Amino acid sequence: MHHGSIEVDHLMADSLDEMVQWCASNPSPIDLVVLGITSCEGTNCDQAVQELLTARNISFITDCSQLSGLTAQAAFEKGKLPGGGAIFATFDCWEANYDPAVACSGFGSTDVAMEPRAHGGSLGRAEISDAMAKADDLSLNSSEALSYTCYKDSDTRDFPVQRMVDYINKTVLAGPPSDGQLYTVQCLWQESASSVTVGELHGSTLLDDESRSELNNMVNDMITKREIDPTRLNMVEVNNICDGGADLLATLRKL
């Protein structure tokens, strides 16, 4: 998973069929699938998605006020599928709590992140190209003395890690939105032009940033030790579930 947007050659219809099949094998309420449809682009995009959902008996809401006071059990009952399990879909009812400054790497402690994008959008192709060109130039000139990284073996790790901890604590303390929407804590490294530049210099990717910093393990430890209030968590987002993701899930299910 490199920095920037990529195209995934996989039909949404096929993805939904795979979700339905997974739910049939995992029918417990604890395995409720919450499907958030956000920033749907293209002509009649929302309508097309709703038709795909309806064809598979997947319940959805477009009025976010219906989420106010809704329990997980009630969402499971509403989203029950004929073959077992449940999928509960929403349209633009998701508070992302996206902070583009929370990057693994950059230049100096005053590194300016890119402007916020709705729902945590990726850098554009032009921005990625410019950042990679800068990385090539810095590599040739061996000039990265003022950069920092979040990697476990980095002596500049404390700054980005503390910034991540501060973000997590601030978001958890803020708690749920007043309008009842779903909300997330993005326990993942964001990207800026500078983080792409430094990441390229270190031959890293967004997935590598997680494993090299052991971010998932750190979040798991914070929850286990109650350094953050687990009762105020809703959705916990991570980038690399293959690195400690199962352990994090097990911890969340014990709450």
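The chain has 9 helices and 8 strands, where helices (H or I, at least four residues) and strands (E, at least two) are DSSP runs numbered from the N terminus. This is a predicted model, in which local features need pLDDT of at least 70 and side-chain atom pairs count only at pLDDT 80 or more, while totals for chains, interfaces and linings use all residues. Residues are numbered from 1 along each chain as its sequence is written, and side-chain values use heavy atoms, with hydrogens and water left out.

Of the 255 residues in the chain, 40% are buried, buried meaning under 20% relative accessible area, exposed over 50% and partly exposed in between (1.4 Å probe, protein chains only). Among the contacts with a separation of 6 or more, 77% are accounted for by residues 24 or more positions apart, a contact being heavy atoms within 4.5 Å.

Helix α2 spans residues 45-55, and within it Cys45, Val49 and Leu53 are buried. Seen down the axis of α2, these buried residues fall within an arc of 70°, so they line one face of the helix; the arc is that of the directions from the helix axis to the C-beta atoms. An α-helix has 3.6 residues a turn, so residues three or four places apart point the same way. The cover over the buried residues of α2 includes α1 (12-25), β1 (33-37), β2 (59-61) and β3 (87-91), whereas Thr54 and Ala55, on the other side of α2, are exposed. Just after α2, Asn57 takes a positive phi of about 60°.

A nonpolar core is a set of buried Ala, Val, Leu, Ile, Met, Phe, Trp, Tyr and Cys residues joined through side-chain atoms within 4.5 Å. The largest such core has 21 residues, and those with the most contacts inside it are Met164, Ile168, Val185, Trp189, Met218 and Val219. The elements giving two or more residues to this core are α5 (158-174) and α8 (215-224), and α5 gives the most, with 6 residues. Leaving aside neighbours within four places in sequence, Ile168 is in contact with Val185, Cys187, Val219, Met222 and Ile228. Apart from this core lies another, of 13 residues, among them Leu35, Ile37, Leu53 and Leu81.

The axes of α8 and helix α9 (residues 245-253) come within 9 Å and cross at roughly 15°, which makes α8 roughly parallel to α9, a description that applies to angles under 35 degrees. The residues making the contact include Val219 and Ile223 of α8 and Leu248 and Leu252 of α9.

How values were computed
Axes are lines fitted to C-alpha atoms, for helices over the stretch in contact, and angles run from 0 to 180 degrees between N-to-C directions. Angles under 35 degrees count as roughly parallel, over 145 as roughly antiparallel, 65 to 115 as roughly perpendicular and the rest as oblique.
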